[in-house]
Amino acid sequence: MTAVHENQDAVTIDNYIGGDWRAPAAGERMPSLNPAKRGEVVGMAAASDLTDLDEAVKAADAALRAWRKLTGAQRGALLFKAADLLESRMETVGRAMTREMGKTLGEAKGETARGAAILRYYAGEGMRPIGDVIPSTDAEALMFTTRAPLGVVGVISPWNFPVAIPVWKMAPALIYGNTVVWKPAVETAATAALVMQCFHDAGFSAGVVNMVLGDGAVIGQGIAAHPGIHAVTFTGSNRVGKQVGQAALARGAKYQLEMGGKNPIIVAADADLDLAVDATISGGLRSTGQKCTATSRVIVLSGVYETFREKLLAKVKALRVGDGLDAETWLGPCASAKQYETVMRYINKGIEEGAELLTGGKQPDDPALSEGYFVAPAVFDKVTPTMTIAREEIFGPVLALIEARDMAEAIALANDTEYGLSASLYTRDLGSALSFIQETDAGLVRVNAETAGVELQAPFGGMKGSSSHSREQGQAAIEFYTSVKTVFMKP
Ligand SMILES: NC(=O)C1=CN([C@@H]2O[C@H](COP(=O)(O)OP(=O)(O)OC[C@H]3O[C@@H](n4cnc5c(N)ncnc54)[C@H](O)[C@@H]3O)[C@@H](O)[C@H]2O)C=CC1
Ligand SMILES: O=C(O)CCC(=O)C(=O)O
C-alpha cells in the first residue's frame with residue numbers, strides 16, 4: 001500500500017497493478033517536486049517500462065469479463081464508495097496536490113470535492129437508460145439499441161487537474177463496464193496514488209483499475225500503441241495529443257483528445273466593467289493560468305478600453321503570489337521548472353515583438369519566494385493578433401489586452417485562432433450576446449461568465465484544434481466509452 005505523508009521525507013510511489021501496489025520491474029524512480037520550494041522532493045515515483053505496462057494491461061484484460069457482467073447498480077455502488085473516501089480525504093489529497101503542482105489549497109480541495117461529485121454523477125449513470133426502442137417496419141420485430149463497453153481503456157492525464165481530469169475519464173469508463181489502465185503525469189504522482197488508494201479501499205476487484213507511472217514517451221506512448229488497449233483518452237498538449245491520436249488510429253483503437261486553448265474574453269462597451277475585470281482575473285489567473293480553459297486574450301471594445309485596463313491593472317497588482325499552502329496566497333507558482341521556463345520565454349517574446357508589459361512578468365521581489373517557480377501575474381498592452389502571445393497557448397499567468405473597434409471585429413478577433421475551446425463575452429445587450437453565441441467557434445460559449453470552470457453534468461470539449469471533436473463529461477461521455485449495438489429481434 002502506498003501512503004503519502006507530507007511530514008516525512010519523499011515518499012515512494014509505486015504502480016497499482018492487479019489490486020496490488022508494485023515496484024517497477026526495473027526498479028527505476030523519477031521525482032515529483034514541489035514547485036514552491038525548488039529541490040523539495042515530494043515523492044519518488046515509479047519510472048516504469050513496458051514490462052510494467054504489459055502487466056497492467058494483462059490485469060485489466062483478466063478483470064474485464066467479470067466487471068462487465070455486473071449490473072450498473074453494482075458498479076455504481078463501488079463508485080459511490082470511492083466518492084465518499086475521496087471526499088473524506090479532501091485535506092490530504094488537496095495538500096498533496098498543492099505540494100506537487102502549486103495551486104492554492106482552496107482550489108486543490110475544491111477540485112478534490114469536484115472529483116467526488118463526478119464519481120457520484122457517474123455512479124448514478126449505472127441506473128440510467130442506455131438505449132432506445134426504435135419502431136421497426138416489420139410488425140413482428142422488436143428493434144432497439146443497447147451499448148457495450150469497449151474493453152480496456154487507457155487514460156493519459158496531465159498535472160493541471162490531477163484529480164478531476166482522471167476521475168472524469170475513469171468514472172464513465174468504469175460505470176459503462178470497461179476496465180482501466182491509467183498513466184498520470186509524474187509531476188502529480190503522489191496525488192494520483194491517493195486517488196488510486198480510494199479506488200482500492202472502495203473494494204474494486206483486482207485489475208479493474210490500474211495505474212502505471214512513468215515517462216510520457218514510454219508509458220503514454222506505450223498505452224497509445226498497445227494492442228491490448230481498446231480505447232485511449234488523453235488530455236494535455238496538442239503536440240502529444242496528435243501523436244497519441246495517430247498511434248491509436250494506426251491500430252484501429254478508439255481515441256479521444258482534449259488539448260489546448262487560446263481562450264478570449266470580449267468586454268463590450270456596455271459591459272459591467274467590474275464584473276468583467278473579476279472574470280478576467282479569475283478565468284485567466286486562477287491556478288496560475290494553467291487551465292486549458294484559461295482566459296488568455298482580453299479583447300476590449302475601444303470605448304471602454306482605457307477604463308477597463310486601469311481597473312484590471314489595479315486588481316492584478318494586488319494579487320498575492322506565494323506558496324499555495326499559505327492561506328493568504330491567491331496565486332501559486334508555475335507547476336514545474338519546465339512550465340516556468342515556457343512562461344518566461346513567452347513573456348520575453350511578447351516584449352521582443354513590441355507588446356507593452358504593464359505589470360508582472362518576472363519573479364516577485366519577495367526574497368521568500370526566490371526558491372519557487374513564481375511569476376508575478378503579467379498584463380500586456382498593445383497586443384496585436386499576429387504576435388506570438390496572441391496566438392500560442394502559454395499556460396501561465398499572462399493576460400494579453402487587444403483593442404477592437406466594434407463587436408464584429410471583436411468576434412472576428414476571438415475566432416482568429418487555431419483553437420476553439422472556450423470563449424466569453426461580457427455585455428448587457430441581448431443582440432450582442434446572441435450574435436456571439438451564433439458566431440463563436442468554441443465548444444464552450446459563456447455570456448457574463450468567465451472562460452474557465454466547467455460543470456460536470458454538461459458536455460465539455462473544443463472545436464478546431466482544441467479536441468478530437470468529441471465531448472467529455474455529462475451524458476456525452478457515453479458516446480466515447482461505449483459502442484452502440486442495434487438489435488433486431490423476431491420470434
Ligand atoms: N489541455 C490541458 O489541460 C493541458 C495542456 N497542457 C499544455 O501542454 C504544455 C506542456 O505540458 P506537458 O505537461 O509537457 O504536457 P504533455 O502533453 O506532455 O503531458 C500530458 C500527459 O501526456 C503524457 N505524455 C507526454 N509525452 C507523451 C507521449 N509522447 N505519448 C503519450 N503520452 C505522453 C504526459 O506524461 C502526461 O501524462 C503546457 O504548457 C500546456 O500548454 C498541459 C497539460 C494540460
Ligand atoms: O475549466 C475547468 O474547470 C476545466 C479545465 C480543464 O479541463 C483543463 O485545464 O484541462
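Reader: How do H3 and H4 lie to each other?

Author: This is a predicted model, in which local features need pLDDT of at least 70 and side-chain atom pairs count only at pLDDT 80 or more, while totals for chains, interfaces and linings use all residues. Residues are numbered from 1 along each chain as its sequence is written, chains are lettered from A and ligands numbered from 1 in the order in which they are written, and side-chain values use heavy atoms, with hydrogens and water left out. The axes of H3 and helix H4 (residues 105-125) cross at roughly 125 degrees and come within 8 Å, so H3 and H4 are oblique to each other (angles under 35 degrees count as roughly parallel, over 145 as roughly antiparallel, 65 to 115 as roughly perpendicular and the rest as oblique). Helices are DSSP runs of H or I with at least four residues, numbered from the N terminus; axes are lines fitted to C-alpha atoms over the stretch in contact, and angles run from 0 to 180 degrees between N-to-C directions.

Reader: Which residues in H3 and H4 meet?

Author: Contact means heavy atoms within 4.5 Å, and here Met-90, Glu-91, Val-93, Gly-94, Arg-95, Met-97 and Thr-98 in H3 meet residues in H4 that include Leu-105, Ala-108 and Lys-109. The residues of this contact of H3 with H4 divide into 6 nonpolar, 3 polar and 4 charged (Ala, Val, Leu, Ile, Met, Phe, Trp, Tyr, Cys and Pro count as nonpolar, Asp, Glu, Lys and Arg as charged, and the others, Gly among them, as polar).

Reader: At what angle do H3 and H6 pack?

Author: Helix H3 (residues 90-101) and helix H6 (residues 189-202) pack at about 160 degrees, their axes 8 Å apart, which makes H3 roughly antiparallel to H6. Among the residues that meet there are Val-93 and Met-97 in H3 and Ala-190 and Leu-194 in H6, and the residues of this contact divide into 6 nonpolar, 2 polar and 1 charged.

Reader: Which residues come nearest to ligand 1?

Author: A residue is near a molecule if one of its heavy atoms lies within 4 Å of it; of the 25 residues around ligand 1, Ser-157, Trp-159, Ser-237, Lys-338 and Glu-393 come nearest. A polar side-chain atom of Lys-338 lies 2.4 Å from an oxygen atom of ligand 1, and one of Trp-159 lies 2.6 Å from an oxygen atom of ligand 1.

Reader: Which residues come nearest to ligand 2?

Author: Of the 14 residues around ligand 2, Arg-114, Asn-160, Cys-292, Thr-293 and Gly-453 come nearest. An N or O atom in the side chain of Asn-160 is 2.9 Å from an oxygen atom of ligand 2, whereas Gly-453 has a backbone N or O atom 2.8 Å from an oxygen atom of ligand 2.

Technical notes:
Helix = DSSP H or I, 4+ residues; strand = E, 2+ residues; numbered from the N terminus. Polar contact = N/O pair within 3.5 Å; in protein donor to acceptor, adjacent residues only side chain to side chain.
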